[in-house]
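Trainee: Could you walk me through how to read a protein interface?
Mentor: Happy to; let's look at the model together.

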Amino acid sequence: MDSDYEIVDAYDGDSAEDYFSGGDTDMDEGDSIGGFEEDEDDGDNAGYEYGYASDEGSEKTYTVLRESDIRQRQEESISHVSSVLSISRVAASVLLCHYKWNVSQLHDEWFADEERVRRSVGLLSKSVILFPNDSEMTCGICFDSYPRDQIHSAACGHPYCTTCWKGYITTAINDGPGCLLLRCPDPACCAAVGQDMILKLASDEDREKYSRYFVRSYIVDKKKTKWCPAPDCENAVEFELGSNVYDVTCLCSHPFCWNCTEEAHRPVDCSTVAKWILKNSAESENMNWILANSKPCPKCKRPIEKNQGCMHMSCTPPCKFEFCWLCLGAWSDHGERTGGFYACNRYEAGKQEGLYDEAEKRREMAKNSLERYTHYYERWASNQTSRQKSIADLHQMQTVHLEKLSDKLKEPESQLKFIIEAWQQIIECRRVLKWTYAYGYYLPEHETAKKQLFEYSQGEAEAALERLHQCAEKELLVFLDDGVFDINVTPDFGTFRPKLAQLTRVTCSYFENLVRALENGLSEVDSQAASSTSVKNGGAKGKGGKGKGSSRTGRAVARNIDDSDRWNCDRCTYANPDSSSLCQMCHHQR
Amino acid sequence: MANSNLPRRIIKETQRLLSEPAPGISASPSEENMRYFNVMVLGPSQSPYEGGVFKLELFLPEEYPMAPPKVRFLTKIYHPNIDKLGRICLDILKDKWSPALQIRTVLLSIQALLSAPNPDDPLSENVAKHWKSNEVEAVETAKEWTRLYATGA
Ligand SMILES: [Zn+2]
Ligand SMILES: [Zn+2]
Ligand SMILES: [Zn+2]
Ligand SMILES: [Zn+2]
Ligand SMILES: [Zn+2]
Ligand SMILES: [Zn+2]
Ligand SMILES: [Zn+2]
């Protein structure tokens, strides 16, 4: 599969292959998707979770560097410097550590004034001290005498015994990365202590630490390269400067923005993210209560705890009221069965007032601005929490359930990949959805048409995601139950499989559209005057989108804001136009 | 007990400190603990500390000489790089320490610090401020403290 990022050739394939799965699914069969025109090279797009990240075509924007890749580059620089300056490899690495691996600066300064460079880094041309011919020498640290073969020194010749060198080196290494620039113990001497000597005399554990510092020194102060911000991750990402898509995904699977190193936040730009994060910390006192994991049931008022990822809540018996965690409305108003219009992503001023008994506190809060912010913040935070939960669920699925399920169904795990793909899709969509709430908060109120398009696209995407999440989280539970045996399970699983796969596909498609629309600054409304009649007729073709993406963008816009002339597919829930009798997503008969 | 395993280096340094003391400096190990030294430093001439005898304590930690000795003034002193508790701000006692330095070099450096106070790298904010805003007056205070605390003891 191709994508706009590339993982360094040397990687072994397993983990990343699993994570970035999806490119080979039938989503990419192009023309199979109903009456909508597809680009002929649609199959080039990345898999589900990154499908919408591919509008730059196959252009490579970054490279993940694993430790071994960095070491290889260091080796190359050392060899290069050593041959150009005609110095030893040890001396070359001393120089490179001092020059922060900036080979060209090193060359310039060296050829301008070699003596000065040598002095400043401690590469002496000749010894300061000449070894006397005595058979014994006195160590300058412990003051004991030793035979010559137990005395060592840097290029300067100051003599210290093996034990004292070891102590000196271990102290330096444990003091931190300064050990890379280690000098002779003599306080008046600046001779560099070479890597050869350090590696020879250090303990295994210290050698390990030293070499870690050595690798890390390569990335410090590099403009093009940054460390993956995930805790415990040792990879770095080298970015092609000039590219405008900053989202990168490390091999450790942490997606982050290369530009601001916050968690990946496409389709929202870095400055919006920074503003939003600042806003959140300023409001954190007010917002803490929102993060509380329990809310009263809107019907019976008993507190209900949210311990699942999707927003569909059910009160405990006898009440059993099903409601939406976000808007506290009845879930029946959200479902595809009623054809209900998903609207809990929308903010309408005053809407909350007096509506929720739960919201005593909200009413007390200063209205308008804070209430408006609260709306977006709560949704942002809920999606964040939900994403964390989903990551844990995916992990659980991969490490525990999948194997059991495969035993039970007598199917190889590879046949169950669609479950993993569904969870990966959920995780990625929660991330995108979360950031669209920051986007929504900063979308100017007076841009009515844009706001309408935004809320529509976001609502569609969110509704699809809720269906997918619920299916993956709750409907799958039945099959994971240990009490259930294969005979009972297999037939149901036969319908579950395509349903989940289709939901994954549909959700991916909605999110692609959402991301495109936001990245284009919702420019469709400009060219279409936001009139629902012109939107209805699919006039968006070729607008706004960058290159290949345009027809997909068009698809989102072509969907009408008025859903009355649509039917919802029984199998995948996609809202199809009345004119087609086959579901455009899954080809299921109406 | 603490003295039984004393490294040769410490024994040699001690012997040399006793047999050829540096001018204006005396250091002798305590009888109970050979790693603990009672130190006297004479205030350098032409400094506000001239005529004073300053008592210090010096302790060689287990890691010595890989780690620096711990040194502290016991006599009250008015100096921008020495605080109320007698702690000293001196680079070789911290990151610039090298195992090739010795007790003798440390004490000589402390003596030199008395000759050349450095209010730009202060340990005692107030004294340093005083030194920078009105050096003449600060030097007077230092002299007075020397008279009060560092003489005739
Ligand atoms: Zn030695
Ligand atoms: Zn040396
Ligand atoms: Zn990483
Ligand atoms: Zn960013
Ligand atoms: Zn209830
Ligand atoms: Zn809702
Ligand atoms: Zn369908």
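**Reading chain B and its interface**

Mentor: Chain B exposes about 8,200 Å², and carbon and sulfur atoms supply 52% of that area (Shrake-Rupley method, 1.4 Å probe; for residues, only the protein chains shown count as cover). This is a predicted model, where local features need pLDDT of at least 70, side-chain atom pairs count only at pLDDT 80 or more, and totals for chains, interfaces and linings use all residues. Residues are numbered from 1 along each chain as its sequence is written, chains are lettered from A and ligands numbered from 1 in the order in which they are written, and side-chain values use heavy atoms, with hydrogens and water left out.

Trainee: What area is buried between chain B and chain A?

Mentor: The size of an interface is often given as the accessible area lost when the parts come together. Here about 950 Å² is buried, 67% of it from carbon and sulfur atoms (1.4 Å probe, summed over both parts). Arg9(B), Met66(B) and Ala100(B) supply 49% of the area that chain B buries against chain A, more than any other three residues.

Trainee: How many residues are in contact?

Mentor: Contact means heavy atoms within 4.5 Å. In this model, 11 residues of chain B are in contact with 13 of chain A.

Trainee: Which residues form a salt bridge?

Mentor: Look for a side-chain nitrogen of Lys or Arg within 4 Å of a carboxyl oxygen of Asp or Glu. The count between the two chains is 1: Asp144(A) pairs with Arg8(B), their closest N and O atoms being 2.9 Å apart.

Conventions. Buried area = accessible area lost by both parts, 1.4 Å probe.
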